[in-house]
Every structure is written in structure tokens, then in C-alpha cells.
Amino acid sequence: MEHPAQARLRRNKELRRQRMVEARKKGTHTTEQWEALKAEFGHVCLRCGRQGYHLDKDHIVPVYQGGSDGIENIQPLCAWCNAGKGPDATNWVAIRREEREAGVPHHFEPMKQAKR
Ligand SMILES: [Zn+2]
């Protein structure tokens, strides 16, 4: 007999897997596209500008809200920004490209301070 908590974990895992299957039907991306996107912005977090940290693949429209897994719905964010973003669907790729085209410097949001 499976423990209820274990059954819940298994169902959540299955739900996430199913959502990714749906997201990939809408669009997919290659490792090359992901690396090119990070390189385009100098490997910084597109929200806070933090450099030198691992960048997460953030889905701009979250997968659980029907977002695609295509490169147009993916942006590099540091773990802090990704964890703190909640339902925010700001497209930082579009914002940083607009800033670049307009010749203005990037206005990065101050990074979130870790709670002590
Ligand atoms: Zn960040």
C-alpha cells in the first residue's frame, strides 16, 4: 500500500511530466538555441543583471499556464529571480532587446536579497 504522501508526490511528478509533453507540442528548442540566447546577453540574468551564476531556463509564460517550450518562451534568469518570479510573465528578452536597439543602457532590477 502506497503512503498518501508518496502517492501525491508521484501524481505531481506525473502532472509536471504531462505539462512538459503539452509544452513541447507547442514548441521545442535546441541546446544551441539556449546557448546562443545566453551568449547574446553576455551570460547575465536578464532580470537583475547578475553575472557568473548558473542561469535557469525560465518559461516566460509558465508551462503550467499553457506556455510553450519553444525558445521564444524561454529566458535566462538566475536562481534567485526565477524562484521569486511567481506568476509574473515579464518578457525580459524583449525588454533587453528593445533597450539595445534604442541604444539605452540596460536598467536591471536590483537583485533580491536573500533573507537571513
Ligand atoms: Zn537575477
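Modeller: The protein chain has four helices and two strands, where helices (H or I, at least four residues) and strands (E, at least two) are DSSP runs, numbered from the N terminus. From the N terminus on, these elements follow one another as α-α-β-β-α-α. This is a predicted model, in which local features need pLDDT of at least 70 and side-chain atom pairs count only at pLDDT 80 or more, while totals for chains, interfaces and linings use all residues. Residues are numbered from 1 along each chain as its sequence is written.

Colleague: What is the confidence in the protein chain, and where is it lowest and highest?

Modeller: The mean pLDDT (the predictor's confidence in each residue, from 0 to 100) is 91, and 94% of the residues reach 70 or more. Confidence is lowest in helix H3, residues 79-84, with a mean of 90, and highest in H2, at 98.

Colleague: What span is expected of helix H1, and what does H1 reach?

Modeller: The expected span is 1.5 Å times one less than the number of residues. Helix H1, residues 4-26, has 23 residues, and the 33 Å from its first C-alpha to its last is close to the 33 Å expected.

Colleague: Why is H1 said to lie largely in the open?

Modeller: A residue is buried if 20 or more other C-beta atoms lie within 10 Å of its own, exposed if 12 or fewer, and partly exposed in between, with C-beta atoms placed from the backbone. Of the 23 residues of H1 the number buried is one, so H1 lies largely in the open. The count for H2 is zero of ten residues, so H2 also lies largely in the open. Across the 116 residues of the protein chain, 16% count as buried.

Colleague: What makes strand S2 mostly covered?

Modeller: Five of the five residues of S2, residues 74-78, are buried. Ile74, Pro76 and Cys78 point one way, Gln75 and Leu77 point the other way, and all are buried. In a regular strand the side chains alternate between the two faces of the sheet.

Colleague: How do you know that S1 and S2 pair?

Modeller: Two strands pair if DSSP finds at least two bridges between them. Strand S1, residues 55-59, and S2 have five bridges, in the antiparallel sense, and Leu55 stands opposite Cys78 in S2.

Colleague: Why is His3 called exposed, whereas Tyr64 is called partly exposed?

Modeller: His3, in the segment before H1, has 8 other C-beta atoms within 10 Å, and therefore counts as exposed. Tyr64, in the loop between S1 and S2, has 13 other C-beta atoms within 10 Å, so Tyr64 is partly exposed. Tyr64 and Glu22 are 42 residues apart in sequence and 9.6 Å apart in space, C-alpha to C-alpha.

Colleague: What is the phi of His43, and where is His43 found?

Modeller: Most residues other than glycine have a negative phi, and most peptide bonds are trans. The phi of His43 is near 60°, a positive value in a residue other than glycine, and His43 is found in the loop between helix H2, residues 31-40, and S1. His43 has 13 C-beta neighbours inside 10 Å, and so counts as partly exposed. Gly42, which follows H2, also has a positive phi, near 70°.
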